[in-house]
Amino acid sequence: MAGKIDPMHQFTVEPLVPLHIGKYDISLTNSAAWMIATLAVIIGFMALGMKRQLVPGRWQMAVEGLTGFVDDLVKVNIGPEGKKFTPYIFSLFTFILVANLLGLVPLAIVPGWHTFTPTSHFSITGVLALLSFSLVLIVGFWRHGFHFFSLFVPQGTPIYMLPLIIPIEIVSFLVRPFSLALRLFVAMMSGHILMDVFGSFIANGFASGSVAGWGVGIVSFIFIVGVGALELLVCALQAYVFALLTSLYLNDAINLH
Amino acid sequence: MDVASAKLIGAGLAAIGTGAAAIGVGFVFGQFLNSALRNPAAADGQQGRLFLGFALAELLGLMAFTVALLILFVF
């Protein structure tokens, strides 16, 4: 009677439209479909709000709030030099935010459907992190040439500490793309696993029909409401942290501490 | 003890690390609130550092979670 709990099933990438060219498999997967949906939501949200009215309506206020938020983030963390990176940080922030939130839409009430969170896969977050990291490298070497390597020598370090400090700084620099990608991917994945496990507790508890089963089901239900609210917070927080860290790294590359 | 049960015990032990990260995250936010209530005017300017500290503390806990997943699903 009790179904087996399989929390990893929701992360399977399945082809929706099979497409093969030669030996390459370029099918449209559910991951790609949800990324397209994310893009559609962002474009729709922006297009409805970019009206440039002198007295903004509600929708225009929402769009201006979002762009103003990212603009402030970049201005505070990079300074006036960072203005040209605002579009990149904005794309990053909105893509991660909307992809995270779309993954929480309770679409599974339609039998056979379920949402898919592209950001719960390391291949997606890894590419985003590599984009940020290569941008930091390109900007750093473009502006400072080989002087960029002075990033590894913090100012005012005593000479005899340098052999210790430089390897630490190099390792902490090289680990950045990995930590960026890992943080987002694991945060989204663990949240979805948690929700799936407790969702299964509810279903199996009520299906068992015993008093203890009902007790477990009710407690799990109360718990999952709280976890759902927490997940909404985590979605926004992880998108913010990704954008914040990217702008901090860009600040390092532009202003060299 | 067979390998399958050792694997489960190892994954459970690895999950302890997430609790340690909880202490770290609590410390970050607790200290922030502690000083923000002493000087509320300066609190808003430090939000970037607050979330930076949160992100760094949280990452180490997520590492423990990753190790647990690796033990469970890779080996």
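1. Ground rules. This is a predicted model, with local features reported at pLDDT of at least 70, side-chain atom pairs counted only at pLDDT 80 or more, and totals for chains, interfaces and linings taken over all residues. Residues are numbered from 1 along each chain as its sequence is written, while chains are lettered from A and ligands numbered from 1 in the order in which they are written.

2. Confidence. The score here is pLDDT, the predictor's confidence in each residue, from 0 to 100. Chain A averages 88, and 98% of its residues score at least 70. Within chain A, strand β3 (residues 24-25) has the lowest confidence, a mean of 82, and helix α3 (residues 86-102) the highest, at 94.

3. Overall layout. Chain A has 7 helices and 4 strands, in the order β-β-β-β-α-α-α-α-α-α-α along the sequence. Both kinds of element are DSSP runs numbered from the N terminus: helices are H or I with at least four residues, strands E with at least two. The C-alpha trace of chain A spans about 70 × 55 × 50 Å along its principal axes.

4. Of the 257 residues in chain A, 26% are buried. Buried means 20 or more other C-beta atoms within 10 Å of the residue's own (exposed is 12 or fewer, partly exposed is in between), with C-beta atoms placed from the backbone. Two residues are in contact if those backbone-placed C-beta atoms lie within 7 Å. Among contacts in chain A between residues at least 6 apart in sequence, 62% join residues at least 24 apart.

5. Helix α3(A). This one is mostly covered, with 12 of its 17 residues buried. Among them are F90(A), F93(A), F95(A) and N100(A). The buried residues of α3(A) pack against α1 (30-49), α2, α4 (122-144), α6 and α7 of chain A. Its length checks out too: 17 residues at 1.5 Å each should span 24 Å, and the end C-alpha atoms are 24 Å apart. The expected span is 1.5 Å times one less than the number of residues.

6. Helix α4(A). The 23 residues of α4(A) should span 33 Å, and the end C-alpha atoms sit 32 Å apart, which agrees. Its buried residues include I124(A), V136(A) and G140(A), and the buried set packs against α3, α6 and α7 of chain A. After α4(A) comes G145(A), with a positive phi near 60 degrees.

7. How do α4(A) and α6(A) pack? Their axes are 8 Å apart, at an angle of about 145 degrees. Axes are lines fitted to C-alpha atoms, for helices over the stretch in contact, and angles run from 0 to 180 degrees between N-to-C directions. Residues including F122(A), L128(A) and F133(A) in α4(A) meet a set in α6(A) that includes R176(A), L180(A) and F185(A). The contact residues divide into 10 nonpolar, 3 polar and 1 charged. Nonpolar covers Ala, Val, Leu, Ile, Met, Phe, Trp, Tyr, Cys and Pro; charged covers Asp, Glu, Lys and Arg; the others, Gly among them, are polar.

8. The interface. Here 13 residues of chain A contact 9 residues of chain B. On the chain A side, α2 (58-77), α6 (176-208) and α7 (211-255) each give two or more residues, with the largest share, 6 residues, from α6(A). By class, that side has 9 nonpolar, 3 polar and 1 charged residues.

9. Across in chain B. Buried residues of α4(B) include E58(B), L62(B) and F65(B). Their cover includes α6 and α7 of chain A, together with α1 (3-14) and α2 (16-38) of chain B.
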